[in-house]
Amino acid sequence: MLNKLVYSSLFFLFFSSTTFAQDDKKAEDVDTGLMVIQDTVKTKRRALDVLAPSKAAFYSAILPGLGQAYNKKYWKVPLVYAAIGIPTYLFITNDRDLGLYRDEYKRRLAGFDQSRDGAPYPNVSNDGLIRAQQQLRRNKELALLIAIGMYALNIVDANVDAHLLQFNVDQDLSLRPHFKYNEMENNTNLGLTLNFKF
C-alpha cells in the first residue's frame, strides 16, 4: 500500500511539472495505458495582456476602487470605499475630539475656571483630560494606519485580481485526476488522465 502511494505521488509530481496546454487540433489515441479524452467543445481564448495587472494597480493607486472597476469587479468598489472611508471617518472624529480635549486642558492650565458656563467638559478632571487625549491620539493613529493599510490592500487586490483573470481555467486542461473501479480486484484505482492535442 505504501509503495502504491509513493509511486502515485511521484507519478503525479512528474506529470504535473511537465504538463502543457492543449492546442485546438484533434487528439490521437496513443496506447500507453493512459486514458485519452477528446473534448469537442471549442473555447475562444483571449490574448494575454501582460500590462493588465500593472494598469489595475496604477488605477487603484490613483483612485481607490478604479482598479477593481478596470477588472470588471464592480461589486468590490463599495467594499473598497467602506474599508478606506470608515477608518478615515474615525481619524477625523478622533482628531476633532482630541482638539476639544486639548483646548480644554490648555484653558485649565491657563487658569480659567472649569465650572464656567459653556465649558465642554466641566465634570472631567485634569487627569481625565490627559487620559482622554492619550486615548484619542492612540485611536487616531490606529485609524490612520488602518486606512493606509486598506489603501495598500486595495492596490494589491486589483493587481492580484488582474493576474488571476488571465489564469487559464478552461475545461480542456491537459492533466486531470480520475477514479476508476477495478472489477477484477474489487477496489478503486486512482489515476491521472493526460490529454494530448497536436
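I take buried to mean under 20% relative accessible area, exposed over 50%, and partly exposed in between, with a 1.4 Å probe and protein chains only.

**Ground rules**

I am working on a predicted model, in which local features need pLDDT of at least 70 and side-chain atom pairs count only at pLDDT 80 or more, while totals for chains, interfaces and linings use all residues. I number residues from 1 along each chain as its sequence is written, and side-chain values use heavy atoms, with hydrogens and water left out.

**Overall layout**

I looked up the elements first, taking helices (H or I, at least four residues) and strands (E, at least two) as DSSP runs numbered from the N terminus. The chain has 5 helices and 2 strands, and from the N terminus on they run α-α-α-α-α-β-β. Of the 198 residues in the chain, 25% are buried. For contacts I used heavy atoms within 4.5 Å; among those between residues at least 6 apart in sequence, 57% join residues at least 24 apart.

**Helix H5**

The 40 residues of H5 should span 58 Å, and its end C-alpha atoms are 58 Å apart, so the two values agree. I then listed the buried residues of H5, among them Gly128, Leu129, Ala132, Gln133, Leu136 and Lys140; the buried residues of this helix pack against helix H2 (52-62), helix H3 (66-70) and H4.

Between Lys140 and Leu98 I noted 42 residues in sequence and 8.7 Å in space, C-alpha to C-alpha.

**Nonpolar core**

I define a nonpolar core as a set of buried Ala, Val, Leu, Ile, Met, Phe, Trp, Tyr and Cys residues joined through side-chain atoms within 4.5 Å. The largest one has 6 residues, namely Leu98, Tyr101, Tyr121, Leu129, Ala132 and Leu136. H4 and H5 are the elements that give two or more residues to this core, and the largest share, 3 residues, comes from H5. For Tyr121, leaving aside neighbours within four places in sequence, I recorded contacts with Leu100, Tyr101, Glu104, Arg108 and Leu129.

**Salt bridges**

I counted a salt bridge wherever a side-chain nitrogen of Lys or Arg lies within 4 Å of a carboxyl oxygen of Asp or Glu, and the whole structure gave 6 of them. One joins the side chains of Lys76 and Asp157 at 3.2 Å, N to O. This pair links distant parts of the chain, with Lys76 in helix H4 (residues 76-109) and Asp157 in helix H5 (residues 126-165), 81 residues apart. I class Lys76 as buried, since its relative accessible area is 15%, and Asp157 as partly exposed at 26%.

Glu104 takes part in two of the bridges I looked up. With Arg107 the N to O distance is 3.5 Å, and both residues lie in helix H4, 3 residues apart, about one turn of the helix. With Arg108 the distance is 3.1 Å, and these two are 4 residues apart in H4, again about one helical turn. Glu104 and Arg108 are both buried; for Glu104 the relative accessibility is 0%, whereas Arg107 counts as partly exposed at 33%.

**Surface**

Accessible areas here come from the Shrake-Rupley method with a 1.4 Å probe, and for residues only the protein chains shown count as cover. The chain exposes about 14600 Å², of which carbon and sulfur atoms supply 63%. For patches I took residues with over 30% relative accessible area and no salt bridge, joining like charges within 9 Å and nonpolar side chains (Val, Leu, Ile, Met, Phe, Trp, Tyr) within 5 Å. Phe58, Tyr59, Ile62, Leu63, Leu66 and Tyr81 make a nonpolar surface patch of about 580 Å², to which H2 gives the most, with 3 residues. Tyr81 has its place in helix H4 and is partly exposed at 41%.

Methods:
The expected span of a helix is 1.5 Å times one less than its number of residues.
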